[in-house]
Each structure stands twice: as structure tokens, then as C-alpha cells.
Amino acid sequence: MVERRSHGGERPLKRCREKNITDRSVKARRRRRRRKWIYFTRRISICMIAAAAIVYCMISLKYRNTFLPNTRIGGITVSGLTIEEVQSEIRKGIERYELILEERDGAEERINGEAIGLHPVFDGTLENILRKQNSLLWGLRAIRGAEYASSYMVEYDKGSMDLAVAALECLKSEQVVEPADAYVAFVSGSGLQIIKEEPGKAPVRERLSEEIGKAVSSLETRISLDERAVYKEPGVSETDPELLAQKEALKVCTDVTVTYRFGSRSEVLDGSTILPWLSMDGEGSAVVDRSGVEAYVVNLAKKYNTAYCAKELKTSYGSIVTITKGHYGWLIDKEAETEVLLEIIRSGESQEREPVYAQKAASHDGPDYGDTYVEMNLTAQHLFYYKNGKLLIESDFVSGNEAKGWSTPAGAYELTYKQRNAVLKGKNYNTPVTYWMPFNGNIGMHDGYWRSSFGGTIYKKNGSHGCINLPPAVAKTIYENIEAHIPVLCYHLDGTETGKTTPGAGDTSKAGDTSKAGASSVSGGSSSSTDSSVSEEGSMKTTPNSSQTESSTPAAENTTGENQTAAPENGNSSEDGENQTSASESGNGNGASQTADPGNTSSNGENPSSPPGSESRNDQIPASSPISDASMPNQPNMPNQPNPSNQPSPSNQPNLSDNPTHSAIVAPGP
């Protein structure tokens with residue numbers, strides 16, 4: 001039995017064969033159409049290319065008499081323009097031409113073409129450009145373009161240009177800022193630094209004219225003067241090797257800080273002041289200018305010196321006096337301090353210090369004499385000695401003879417030194433004193449053991465040769481409590497003069513006598529006629545018995561044997577109402593009466609014929625006399641009398657310890 005399925009399978013095979021035949025024919029048709037399309041496309045492309053070439057060539061014919069695309073001449077676009085059209089454009093451009101100058105500070109200035117006589121010059125340059133161009137390259141030129149300068153197509157009037165440049169604001173003196181070189185400077189808190197150079201704003205006129213001329217010739221409309229390097233440039237920059245080396249050399253000196261102490265005040269010297277004193281030598285080392293250091297020290301002295309300057313003193317009388325003379329006070333040794341300061345700067349070592357003083361005082365704060373000083377009222381003939389602000393002793397005294405021109409000068413002085421058992425030596429006299437305390441050249445305080453009274457107006461006719469005569473006990477107390485350099489302030493005070501005197505010891509003993517009698521205690525300008533003694537604290541106090549005279553001299557010296565009988569016939573006139581004779585300078589205590597010369601007068605009743613009490617001699621050496629008799633044993637080196645110049649008196653003084661021998665002292669006299 002044949003299956004129907006196998007019979008039915010023949011029809012699909014037939015259909016497949018028919019389909020294959022159909023597909024081949026379709027593909028063949030497609031190939032034929034594609035070939036036709038390609039052929040047609042090629043023909044069209046060729047035609048289009050040919051047409052484009054024809055068009056390109058036709059366009060190129062246009063550029064035979066015009067400039068190619070994307071062509072600029074002197075900043076003007078001339079594409080497709082003929083020479084005549086370009087010339088017209090150039091004329092129009094020149095008519096409205098303006099050059100803008102961009103300056104360093106942001107300002108702008110303008111130069112107008114008409115102001116400088118700008119005009120075109122057609123010398124064949126355009127024709128040459130047109131002749132040299134290839135019109136067939138117009139397409140390539142459209143892509144890349146071409147730029148031609150107009151140097152030979154415009155001109156300007158040079159004179160007009162110079163005037164236009166001269167009128168620019170940037171060249172005016174008030175606008176010009178010169179450049180500054182980099183330099184080394186001291187910056188507070190940072191030390192020595194290099195300060196960067198400053199470019200300034202100072203155009204170089206010749207360079208400015210040149211650059212403007214170039215810009216105008218090429219018809220540029222804007223230029224930057226900074227970019228054209230028109231401005232002056234600094235000569236030294238912050239990176240200059242020589243400047244860097246200079247900084248390192250100077251840094252050693254400028255890092256120094258010197259702090260001067262003047263009590264609670266101070267002066268600081270640092271690199272800002274030192275730097276101007278420095279320079280460089282040929283070997284690259286720093287050199288300190290001595291004159292600059294000297295000027296600094298001089299100014300320091302002007303500010304802080306108090307010697308030879310007026311001083312105010314609140315007196316024990318309550319009023320304030322101004323002492324204008326005298327040498328006491330601080331005095332910087334300018335030469336020595338200059339040398340020291342030079343070495344400090346060179347060493348590079350900072351420090352705190354006091355200057356070198358030629359003379360010192362007690363205090364920098366408040367009055368320079370401090371609170372330990374001798375106050376001496378020459379009008380009242382009364383002194384006060386304050387020690388550490390407390391009154392130690394006060395007493396009447398006798399100063400220089402006013403009638404003979406030997407007045408003790410007012411002024412602020414200091415105790416030069418002190419000496420026991422000195423001999424005040426002058427022409428025709430040798431006077432031993434127990435306590436010698438000079439303070440103004442050869443003028444000093446000492447015991448006046450030969451006087452019977454002190455204070456009042458004795459000094460006017462029977463005063464000393466300039467020294468301050470003190471009661472022996474007062475001289476002793478002061479001597480034991482005073483040292484060299486303690487101020488002695490002498491002044492006059494109107495309204496404090498008194499006719500009262502304080503009785504003295506009337507002692508005729510030798511200079512070694514230390515009698516305590518004769519000092520007076522005075523307050524507010526009044527005098528007490530009682531004798532006084534020294535308290536345990538060293539201050540004077542009055543004793544009830546004014547008639548009693550004490551003597552610490554051994555009885556064997558017979559120091560109380562002077563004759564105090566009145567002698568009106570000898571012509572002596574006593575201000576204290578008594579006449580007496582005094583012992584000789586040899587300390588003769590044998591009770592012999594020393595008769596006075598009839599022609600001599602004594603205001604305190606003392607016998608002027610006796611050397612210690614003689615105040616009438618005019619042949620004695622004055623206070624300004626030089627030191628003499630150097631051959632005398634243990635003679636101290638006395639300072640010269642201070643002079644009006646700003647130089648201190650010599651300060652070479654003897655040992656301040658008590659000297660048991662009598663040394664010869666050239667002094668104004670007792």
C-alpha cells in the first residue's frame with residue numbers, strides 16, 4: 001500500500017525550484033538598475049565638477065583687478081576691492097583715525113590722526129600687491145588670508161607728532177613717578193629686609209615717540225605702553241646678587257638692640273636707627289659711620305644730661321628756688337660712649353646698659369640731686385643736711401666776705417672729697433682745719449673753730465675767702481655722715497636774712513679740736529642763740545645752758561684759755577655785740593692775748609691779726625687759684641674751679657678715708 005504522504009511531498013519541491021528561478025531574475029534586474037545609477041551619478045558629478053571649475057575660473061577672473069578674499073592692508077579689509085576702492089577706504093580710515101595709548105595705571109590717552117597731519121601716500125604699493133597676487137588662489141586665500149602693512153601708504157607731520165607727544169598727560173611732571181630700585185631696609189618686627197623695586201610711571205620720551213610713530217604708520221588703533229617697554233625700569237631688582245650679599249653683611253649690625261636705662265625711662269637703639277650709619281667697603285664688609293654714632297650720643301646727652309642745667313629746689317623754708325649755676329648733675333662722656341657704642345654695633349651683641357658718664361648724679365627720676373643733700377641758704381647763712389629724705393642736722397655758718405668780693409657763689413655742686421686734718425694754705429697763711437669738705441673747686445665746708453659766732457650778717461664784712469665756716473661740732477657731724485658726690489645746693493632767698501647770730505665756741509685750740517659748741521638749730525629762718533650738741537641719731541639738738549662750752553680736746557692742750565675781753569680801742573666793730581681776740585693758727589692755748597692791728601676791723605669781734613681768724617687780708621689766694629706746694633706731704637689733688645664751659649671739673653680725688661696728718665690745701669682761706 002503506497003502512503004499518501006510520499007505522493008504529496010513532490011509539490012513542495014517543485015515550488016522551491018520555481019522560487020529559486022524567480023530570485024535570480026530579481027537580482028539580475030537590481031544589478032542592472034545599480035549600474036545605470038552609477039553611470040548616471042558619474043555623469044552628473046563630472047558635469048558638476050566641470051560646472052564648478054567653470055564657476056571658480058569665472059570668479060577668479062573677478063580678482064584680476066581686485067584684491068583676493070580675506071586680505072587686509074594696514075588694518076583695513078580690502079577683499080574684492082579695486083585699488084581705487086582701497087584708496088577710498090584708506091582715506092576714510094585716516095579721516096577718523098585715533099590711536100589709544102594704554103598707560104600703566106589704567107589711564108588712557110588718545111592721539112588723533114588729524115592732529116598729527118596724518119595723510120595717505122599712494123606710491124604704487126597697492127599696485128604691487130595686486131600684481132603679485134594669483135587670482136586662481138582666491139579660494140585658498142579665503143581660508144588663510146593675508147595681512148599687509150601700510151608703512152609706505154601713510155605719513156604724518158613730524159613736528160605735529162612731537163607737539164602731540166609733548167602734550168600727553170603721562171609726560172607731565174606731576175604724573176611722572178620715577179622707578180625705585182630694590183633696597184635693604186629695617187622693618188619693625190621683621191628685621192632687615194629687601195624692599196622690592198618699584199616700577200614707577202616714568203615714560204622715556206624718545207621711546208614713546210618711536211612706538212607711537214610705529215603704531216600710526218601701521219594704523220594701529222590701540223597700543224599698551226607697558227607692553228611696548230616705554231617706561232623707565234629700576235636699576236636694581238630684589239633678586240640682584242649684590243643686594244642679597246649686602247643684606248647679609250649689614251644684618252649683623254642691624255640685629256643689634258641697645259637699651260639705655262635712665263631710671264624709669266629708657267631709650268632703645270635698634271636697626272632702624274643703625275642702618276643709615278652703615279655702608280659697604282670694597283671687600284663686602286659693613287662699615288659703621290662714626291659721625292652718625294656721635295650725633296646719636298650727642299642727642300642722648302642733650303636729652304638726659306642735667307649737669308650745668310637749672311634745678312628747682314623746694315627749700316626748707318617752703319618756697320621754691322631755681323638754681324641756675326653749678327656743675328652738679330648727670331653728664332654723659334660723649335667721646336667714650338661713642339667708642340663703646342661703635343664696638344657694640346660692630347660686635348652684633350644686643351644689651352641693656354647705662355652710658356659712660358663723665359659725672360653722675362643721685363637720681364634719674366625727679367630731681368637729680370635725690371633726697372640726700374646739703375641745702376645752703378646763703379642769704380640766711382643757714383644750712384640743712386638731709387639724708388635719705390630726713391633732716392640730719394641744720395646750722396648757721398659764715399660764708400665768703402661780701403665786702404671784699406669773696407662771696408660764696410650760689411649753684412648746685414657736689415662734695416669733691418673729704419679729709420681730716422687738712423691745712424688751708426695760701427699766701428701769708430697756713431690754717432689747719434680738722435674737717436675739710438670741698439664742693440666747688442677750692443671752696444669747701446670746714447670747721448671755723450676760731451669764730452665765736454655764726455650766721456646773721458657776719459659774712460658781709462668779716463666773712464671768709466669763700467669757704468663755709470661751720471661750728472666744729474656741726475662740721476664733725478656732717479663729716480661723719482657725708483661722702484663724695486653728695487650734692488651741695490647753694491642759693492639766695494630774699495626775705496630770709498636775719499641779724500641774729502648763733503654763739504660759737506670761741507675756741508682757740510689747734511685744728512684737731514672737736515668742740516661741739518657753737519651750732520645753732522634754726523627752723524623757718526629764725527635763729528636760736530642756744531648752743532647745740534649732737535644727738536645719738538646724729539642730728540643737732542639744743543642744750544639748755546648756752547654759756548657752757550664743751551671741748552673734746554685733752555686738757556693738756558689748754559684750748560679754753562683765749563682772752564675774750566672787749567677791745568673797743570682797736571677799732572673792731574662786732575655785729576654780735578662782742579669784741580674778742582682769737583688764738584693764732586698754731587693753736588696756741590696758753591691764754592695769751594692776741595692783740596689786733598688797729599687798722600683791721602672784725603664784724604664778729606675776732607682778732608683779725610690771727611691767721612685762722614683773719615678775714616681782712618687781701619693777699620690770700622682766691623678760689624680759682626691753681627694747686628700749689630705739691631711738695632707738701634699728703635697733699636690732695638684739688639679740682640680746679642668749675643668754668644662756664646660744659647666740661648666737668650677734674651675728678652681725681654684723694655682717698656676719702658680720714659687722714660690723720662695735716663695736708664696742705666690751696667683754698668680761699670678760712
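pLDDT is the predictor's confidence in each residue, from 0 to 100. Keep that in mind here, since this is a predicted model.

**Exercise 1. Find out how far to trust the model, and which stretch calls for caution.**

Step 1: Start with the whole protein. Its mean pLDDT is 76, and 72% of the residues reach 70 or more.

Step 2: Now look along the chain. Over residues 506-662, pLDDT stays under 50.

Step 3: Check what the model draws there. For residues 506-662 it has 391 contacts beyond four places in sequence.

**Exercise 2. Describe the overall build of the protein: how many helices and strands does it have?**

Step 1: Count the elements. There are 13 helices and 33 strands.

Step 2: Turn to burial. Of the 670 residues, 45% count as buried.

Step 3: Residues 24 or more positions apart account for 70% of them.

Step 4: Finish with the surface. The protein exposes about 33600 Å², with carbon and sulfur atoms supplying 50% of that area.

**Exercise 3. Work out which residues of helix 4 are buried, and why they lie on the same side.**

Step 1: Locate helix 4 at residues 125-132; Thr125, Leu126, Ile129 and Leu130 are buried there.

Step 2: These four cover an arc of only 135° around the axis, so they sit on the same side of helix 4.

Step 3: Recall a general rule. An α-helix has 3.6 residues a turn, so residues three or four places apart point the same way.

Step 4: Look at the other side of helix 4, where Arg131 and Lys132 are exposed.

Step 5: Name the packing partners. The buried residues of helix 4 pack against strand 1 (71-73), helix 3 (83-95) and strand 6 (146-148).

Key: Residues are numbered from 1 along each chain as its sequence is written. This is a predicted model: local features need pLDDT of at least 70, side-chain atom pairs count only at pLDDT 80 or more; totals for chains, interfaces and linings use all residues. Side-chain values use heavy atoms; hydrogens and water are left out. Contact means heavy atoms within 4.5 Å. Buried means under 20% relative accessible area, exposed over 50%, partly exposed in between (1.4 Å probe, protein chains only). Helices (H or I, at least four residues) and strands (E, at least two) are DSSP runs, numbered from the N terminus. The arc is that of the directions from the helix axis to the C-beta atoms. Accessible areas come from the Shrake-Rupley method with a 1.4 Å probe; for residues, only the protein chains shown count as cover.
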